[in-house]
Amino acid sequence: MSLRGQVRPAGAPLGASCGPRRSVLFFAFAFAVIADPVSSVAYAIEAALRALDGDLALLLPTMSLVVGLVVVVTANYWQLVRRFPKGGGAAAAAGRAFGPRWTFLPIGALVVDFVLTIGISISAASSAVIALFPELAGARIPLALGLLVLVAGLTWFGHGGRLLFAVMTVLFVVVSVVVLVLGFVSPHEMGHAASSTDPGRSAVLAVVLAFPVAMALATGVEAPSTAIAQLGQLDDNHRRRFGRGTLALLVVIVGGLTIALTALAVRLHVGIPDADSTQIADIAHAAAGPGWLYGAFQLTSSLLLLAAASSSFQAGPGLLKALAGTAGAPGVLPPVLGRTNKHHTPYWSVVVYLAAAAVIIVAAAGQEQKLVLFYAVAVFVSFLVGLLAMTSFARTEKKPALAWVNALAAAAVAFTLAVNLLRGWPLLSLAATLLIAGGLYARWVRAGRPTGIEDVEGRSESAA
């Protein structure tokens, strides 16, 4: 989950005569913000295939359902951007609709999501490197921890070079399109996976049970609704346009890449990969062969995954910094978490995320597919709260059609969350979310219930 806003250019407000400048700003903002959901393509398709026990015949229907639900969730954030053009996302919506105490549930979900985003992105980047250099397979955990420390260390220098995240996203998309075209037109080789591993079982049940695992693809969808808080040089209308334009771009790119890569995997019979590879790497290898294009695909995907991890190393500590009483937000956490260096990096908060991510990477043995099972739980709690809040707003404003749409979307998100929780281990993500939310609420009460807590996420972005 998670590039929660990466570009905060300085300067005077941009007027109507600054069209070209706004276009550059939108490019930098949008492609940096969507780095997280785009990077999720690297492991979400494989997660679905594993949940289907390798049944390629059901992979495309499963991922189509996943993309459909991503569209539903994105539609909710489209409404959130309209209502909260200064940022805030689900936390602001929950606070306004149900009272400030409900703000802590999406905040707790985001804290967990940031940690998991770092852990899974670093692990997936390590897997991409190992797929390119198999001799490193025996050093998977040290490699992952080394990359983790490297990304955390770069965070020390603040927001410099954030435009590179946008460039990494574009490079991955461009290379992926080339691989896809080559794979459909003139593939290098065909895989050996069977089209169907168990044709006698209920296809509908298999898809219903499998698609929630791949909902990791939806993490990062909330980023534009909070990242627009960084666009202080724009007025509300332009922030709405930037936020909604980014959401539309997210759906097109993430949805398009997901469906195209899934269809190519089915066409080339690329199934569950060996231990030292990934499905997306096998797809690229089957399409392009072992040459430079395959190497470029692995390199750009690993860099994009590291960018996604870096974004959470910026956004997560930024949220803790805001909760520690900086940027005009209420002081809920100890002030030490808000201490910054000359680059405005809250270094103790970075250490907290570094330690937490290291623990889960070691616990999962550096295997991103083990972490995927936990990934789409916490953020779906935030999605659910946001949808319920928007349903409440629609009912209050006497918009029954919109209320029904939001309520049905909330039901779909709740169903996805419930199916994931039925797997057992994902309950740990929910428990962590509730524990953090409860702890923050208790500290807020102890601090005298200061006002403005529902705006803390937007403030953490605007002060980034």
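**Group meeting: a helical protein model**

The protein exposes about 17,200 Å², and carbon and sulfur atoms supply 70% of that area. Accessible areas here come from the Shrake-Rupley method with a 1.4 Å probe, and for residues only the protein chains shown count as cover.

Some ground rules. This is a predicted model: local features need pLDDT of at least 70, side-chain atom pairs count only at pLDDT 80 or more, and totals for chains, interfaces and linings use all residues. Residues are numbered from 1 along each chain as its sequence is written, and side-chain values use heavy atoms, with hydrogens and water left out.

Now the overall picture. The secondary structure comes to 18 helices and zero strands. Helices (H or I, at least four residues) and strands (E, at least two) are DSSP runs, numbered from the N terminus. Of the 464 residues, 56% count as buried. Buried means under 20% relative accessible area, exposed over 50%, partly exposed in between (1.4 Å probe, protein chains only).

The axes of helix 3 (residues 41-51) and helix 4 (residues 59-83) come within 10 Å and cross at roughly 125°. That makes helix 3 oblique to helix 4. On the terms: axes are lines fitted to C-alpha atoms, for helices over the stretch in contact, and angles run from 0 to 180 degrees between N-to-C directions. Under 35 degrees counts as roughly parallel, over 145 as roughly antiparallel, 65 to 115 as roughly perpendicular, and the rest as oblique.

Which residues make the contact? Helix 3 brings Ala-44, Ile-45, Ala-48 and Leu-49, and helix 4 brings Leu-59, Thr-62 and Met-63. Contact means heavy atoms within 4.5 Å. By class, there are six nonpolar residues, one polar and no charged. Ala, Val, Leu, Ile, Met, Phe, Trp, Tyr, Cys and Pro count as nonpolar, Asp, Glu, Lys and Arg as charged, and the others, Gly among them, as polar.

Stay on helix 4 for Val-72. Val-72 is partly exposed, at 31% relative accessible area. Val-72 sits 338 residues from Ala-410 in sequence, but the C-alpha atoms are 9.3 Å apart.

Over to helix 1 (residues 19-33), which holds Phe-29. Phe-29 is buried, with a relative accessible area of 0%. Between Phe-29 and Gly-243 there are 214 residues of sequence separation and 9.3 Å in space, C-alpha to C-alpha.

Last stop: Gln-298 in helix 13 (residues 292-323). Is Gln-298 buried or exposed? Buried, at 2% relative accessibility. Leaving aside residues up to four places away in sequence, Gln-298 touches Ala-128, Ala-131, Leu-132 and Ala-281.
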